[in-house]
Amino acid sequence: MSKTILVTGPDLDPAAARLVADHGYQTVHTPPYADSAVISEYLQKTGAEGIVSRMGRLDAAVMDAAPQLKVISKHGVGVDNIDIQAAADRGIPVLVATGANAVSVAEHAIALLLSCAKRILPLDAGLRDGRWEKPGFAGREIAGSTMGLMGMGAIAQATGRMAKGLGLTLIGYDPYAPDSAFEELGVTRCDSFEELLAGSNVLSLHCPLTPQTRQILNADAIARMPEGAFVVNTARGGLIDEPALLAAIQSGHLAGAGLDTFAVEPPEADHPFFAEPRIVLTPHIGGVTRQAGARVGVDAVRGIFQILDGQPVAPERIINRKLLAAAQAEPANMEK
């Protein structure tokens, strides 16, 4: 039996690393953003039974190269880099660290919004260039505005709680969330994405990237938003049609955007967003805090050992649980 956990990317928090060592295992790390061929090579070389997925794509070819692989645990909650159907077809559960980084990401979403609305970066740059731009400046107050939450998971709820403290009214859309997720926070539930768009002075994206949500914020969707609205994205860059967002900001329909994610990461050096001062950008680090890193890392590693040791895992943490059940049922049906 292998005693190795493969981590696709940087070191884990020391608390997570201690948990690995306490179980008699070691971690091996791939380079950041390694491609599938490199990850496959590491899996074959180490014989790792579990993967902590941080950076790089885990597709069917990777899994086929590692018949010993028993579990994939995401260092976070976004699994668009993991082929969860391929994992289910091979009997591999894919775990997520639900809620572990919610506070850190929510804080970052609010920071992006305030940076945009208060024009912090352009004003800072002006001062450093010797300009005193107070004469003629007119700022913007966000209290009394409406924030639309696209998705109502743990991060959206944490963002909503903070936004309420700033005096924003909350509306939300999530066809999969129970009414309680809205009621506990005082969020008005929208019946459609279109309704959410029309009512959002600030649209904050918190949904997973799927074939149905890819580029869901396109030119038509943006046109439904109020003039002068802001977009904040701490989820996945692929949710946004990037040229459409840039065009809407340059036309003045949108006042700006705060983005922690790109459609392709890392972005090219000449990405057009870099030339637009009304877009505030960070390199997908919303959840990268010491506190969240400890919680996420420990949750990710603990989940791996729960699976390896045959212990129960909370159902909501197994993101492909329904696909696993369907894959297991199919052979049984074929035998009948």
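**Nonpolar cores.** I looked up the largest nonpolar core in this predicted model and found 32 residues in it. Met150, Phe193, Leu217, Leu245 and Leu254 are the members that touch the most others in that core. I then listed the elements that contribute at least two residues: the strands are β7 (169-173), β9 (202-205), β10 (229-233) and β11, and the helices are α9 (193-199), α10 (219-223) and α11 (242-251). Helix α11 supplies the largest share, 5 residues.

I took Leu217 as an example and listed its contacts, leaving out residues up to four places away in sequence. The list holds Phe193, Leu197, Leu203, Ile222, Met225, Val231, Leu239, Ile240 and Asp241.

Another core lies apart from the largest one. I noted 22 residues there, including Leu113, Ala181, Phe182 and Phe230.

**Aromatic pairs.** I searched the whole structure for ring pairs and got 3. For Tyr25 and Phe305, the ring centres are 5.1 Å apart and the planes stand at 70 degrees.

I checked where the two rings sit in the chain. Tyr25 is in the loop between α1 (14-22) and β2 (26-29), while Phe305 belongs to helix α12 (residues 290-308).

Next I looked at Phe262 and Phe273. Their ring centres are 6.5 Å apart and their planes meet at 40 degrees, so I recorded the pair as tilted. Both residues lie in the loop between β11 (254-259) and β12 (279-281), so this pair ties together parts 11 residues apart in sequence. Phe262 is buried at 7% relative accessibility, and Phe273 is buried at 1%.

I followed the ring pairs on from there and came to Phe274. Phe262, Phe273 and Phe274 are linked by ring pairs into a cluster.

**Charge over a ring.** Last, I looked up a lysine and a tyrosine. The charged end of Lys45 sits over the ring of Tyr42, and I noted a distance of 4.4 Å from the ring centre.

How values were computed: Residues numbered from 1 in each chain as written. Predicted model: local features only at pLDDT ≥ 70, side-chain atom pairs only at ≥ 80, totals over all residues. Heavy atoms only, no water. Phe/Tyr/Trp six-rings, centres within 6.5 Å; stacked < 30°, edge-to-face > 60°. Helix = DSSP H or I, 4+ residues; strand = E, 2+ residues; numbered from the N terminus. Buried < 20%, exposed > 50% of the residue type's maximum accessible area, 1.4 Å probe, protein only. Lys NZ or Arg CZ within 6 Å of the ring centre and 35° of its normal. Core = buried A, V, L, I, M, F, W, Y, C linked by side-chain atoms within 4.5 Å. Contact = heavy atoms within 4.5 Å.
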